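Hi,

Here is the structure I promised to pass on.

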Amino acid sequence: MSELLFASPTVLSVTAATATAIAAGLLGVFLVLRNMALVSDALSHVALPGIALGLTLGINPFWGAFAFLFAASFLILGIEKRTNLPADAIVGVIFTASLATGILLTPEPELLEALFGDFTKISSAGTWLTVALSIAIVAVTLASTRSLLFGIVAPDLGHVSRSRSQLAYLVFLIMLSLVVALGVKFVGTLLMGTLTIIPAAAAKNVSRTLRQFMLISVVFAALAVLLGMGAASVWGVIAGPAIILSGVAIFLVTLAFARH
Amino acid sequence: MESSGVKAILKVENLAVTIEREEILKDISFTVMPGDVIALIGPNGAGKTVLLKCLLGMMPYRGGVHWAADVKIGYVPQRFQIAKNVPLTVREFFLLHEKKFIFATRAKTDGRIAEALSVVGLGVSELDERLGHLSGGQVQRVLIAWALYDKPNIILFDEPTAGIDIGGQETVYNLLHTLKDRFGITIILVSHELNVVFRYATKVVCINKSMFCTGAPREVLTSGELEKLYGESVYYHPHEHVKS
């Protein structure tokens with residue numbers, strides 16, 4: 001049985017992609033609550049020059065992507081602190097610039113994969129590393145839920161209650177960098193940001209409590225991956241965009257049940 | 001009072017705040033004894049909210065803010081805008097007090113939440129209600145209950161009635177009365193309503209960037225003093241409060 005698991009590329013990629021989606025779905029809850037949907041979308045573009053650098057230097061592109069995303073997270077933090085404004089506009093410019101740079105730097109044979117993802121190349125070691133990292137991301141995020149929520153809902157009350165919202169936000173940005181770096185392998189730099197947003201946006205339509213919001217977002221994210229990969233294998237299309245479109249379909253269905 | 005051996009719950013000494021070279025507050029000194037109801041008054045932009053934030057340690061300041069060792073502070077903020085569509089229930093909002101947050105055991109926390117809600121006249125039927133669905137007056141009461149959850153011995157209110165209709169204001173002030181009389185909670189409140197200050201405060205601290213006057217309401221709030229503090233517009237209360 002275990003040999004089968006390790007041998008089948010489909011099982012490996014489904015496992016890794018689902019694990020990543022679950023972590024992304026959980027983080028998405030806080031992105032949506034903080035009105036950071038566009039930031040996250042643009043952030044994923046920063047991964048591209050990182051991937052290009054990794055490929056050029058001959059190191060694992062994951063680490064290149066993570067390094068660039070990590071640096072970009074600090075940039076977001078700095079911009080937010082200095083201007084006290086939603087960072088969307090500045091972030092949009094910087095991150096689109098890095099996408100353009102990344103496209104120029106990425107060797108052409110790898111470009112399509114970097115932009116839209118590729119499921120076929122994941123190794124068994126890569127799969128289990130992805131699963132382990134996803135579990136770590138979920139655990140860390142659950143542990144900082146209270147401080148994150150204080151920072152979003154009532155920063156002043158959080159301060160009085162000695163909640164460490166700033167630290168939690170920093171940790172959150174690192175988790176976001178990690179999950180995006182993991183996900184670009186499957187859905188690509190162009191679409192990974194969206195995978196963190198769509199399930200959460202759909203879940204928000206149908207949840208009444210925060211607990212439901214988190215749970216449903218995770219379920220929708222996993223469902224989008226499974227539906228998308230199923231569609232990709234049935235119709236022979238690229239899996240990345242199929243996953244995103246599955247997420248959009250889920251979102252459209254939830255609109256019918258939206259609570260106000 | 002100090003001579004009777006009762007220790008001050010808060011001592012503020014020569015507090016000053018400068019933001020970007022602008023002096024926001026200077027020379028603020030006053031003492032709060034257990035059981036006091038202190039009203040912080042002053043015109044818009046006098047620095048009342050800034051002073052509260054200094055007391056809570058949310059802002060850098062010079063001078064001294066000395067809390068009693070056994071102090072347990074509750075805080076009711078001025079404005080609490082929560083998007084109506086954030087899925088956060090009243091129960092989950094209270095659970096922010098708990099380290100385990102929404103993973104805390106309901107059996108342990110529901111009783112405490114119900115107890116805090118009953119003080120402000122809300123029932124457990126509101127527990128599963130979304131915070132964003134409550135009326136302004138209800139949110140204000142939930143916020144007061146939220147501050148009571150950890151059983152504080154002093155509560156800081158920043159304009160408890162801002163944005164609440166007159167009927168709601170009455171309720172909030174009756175509540176203040178309850179807090180003081182039933183639980184002996186010391187209160188510091190920022191208020192624009194002078195009639196409230198007269199009715200409820202045991203001591204008034206008037207500031208306008210610096211210390212203006214302090215003492216019992218009837219001693220310090222003479223029409224002459226008020227005119228000096230507020231200028232001639234003392235009877236004019238605009239509805240839009242600018243955060244000071």
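Chain B splits into domain 1 (1–72 + 153–244) and domain 2 (87–151), with bounds that come from an automatic or database domain assignment. Eleven residues of domain 1 of chain B and nine residues of domain 2 of chain B form the contact between them; two residues are in contact if their C-beta atoms, placed from the backbone, lie within 7 Å. On the domain 1 side, helix H5 (residues 166–183) of chain B gives the largest share, five residues. That side of domain 1 has five nonpolar, four polar and two charged residues. For these classes, Ala, Val, Leu, Ile, Met, Phe, Trp, Tyr, Cys and Pro count as nonpolar, Asp, Glu, Lys and Arg as charged, and the others, Gly among them, as polar.

Some housekeeping before the rest. This is a predicted model, in which local features need pLDDT of at least 70 and side-chain atom pairs count only at pLDDT 80 or more, while totals for chains, interfaces and linings use all residues. Residues are numbered from 1 along each chain as its sequence is written, and chains are lettered from A and ligands numbered from 1 in the order in which they are written.

On to chain B as a whole. It has eight helices and nine strands; these are DSSP runs numbered from the N terminus, helices being H or I with at least four residues and strands E with at least two. Among contacts in chain B with a separation of 6 or more, 71% are between residues 24 or more positions apart.

The strands of chain B come next. Strand S1 (residues 10–19) of chain B runs antiparallel to strand S2 (residues 22–32) of chain B, joined by seven bridges; strands pair if DSSP finds at least two bridges between them. Lys11(B) is opposite Thr31(B) in S2(B). Two residues lie between the strands of this hairpin, where Glu20(B) has a positive phi near 45 degrees. S1(B) also pairs in the antiparallel sense with strand S4 (residues 62–67) of chain B, over five bridges, and there Glu13(B) is opposite Gly64(B).

Leu25(B) sits in S2(B). Why does Leu25(B) count as buried? Because Leu25(B) has 25 C-beta neighbours inside 10 Å. Beyond four places in sequence, the contacts of Leu25(B) include Leu15(B), Val17(B), Val50(B) and Lys209(B).

Strand S5 (residues 73–76) of chain B pairs in the parallel sense with strand S6 (residues 154–158) of chain B over four bridges. Val76(B) has Phe157(B) as its bridge partner in S6(B). Ile73(B) and Tyr75(B) point one way from S5(B), Gly74(B) and Val76(B) the other way, and all are buried.

Now to where the chains meet. The contact between them takes 21 residues from chain A and 18 residues from chain B. On the chain A side, helix H9 (145–153), helix H10 (155–160) and helix H12 (210–235) each give two or more residues, and H9(A) gives the most, with five. By class, that side of chain A has nine nonpolar, seven polar and five charged residues.

H9(A) is mostly covered, with eight of its nine residues buried. Its cover includes helix H2 (9–33), helix H8 (124–143), H10 and helix H11 (165–206) of chain A.

H12(A) has 26 residues and reaches 37 Å from its first C-alpha to its last, close to the 38 Å expected at 1.5 Å a residue (1.5 Å times one less than the number of residues). Its buried residues pack against H2, H11 and helix H13 (239–256) of chain A, together with helix H2 (90–95) of chain B. Just after H12(A), Gly236(A) takes a positive phi of about 65 degrees.

Finally, the largest nonpolar core has 150 residues, and those with the most contacts inside it include Leu69(A), Val179(A), Leu40(B) and Ile187(B). Such a core is a set of buried Ala, Val, Leu, Ile, Met, Phe, Trp, Tyr and Cys residues joined through C-beta atoms within 7 Å. H11(A) gives the most to this core, with 24 residues. Domain 1 and domain 2 of chain B both give residues to this core, so it lies between them.

Best wishes

Notes
A residue is buried if 20 or more other C-beta atoms lie within 10 Å of its own, exposed if 12 or fewer, and partly exposed in between; C-beta atoms are placed from the backbone.
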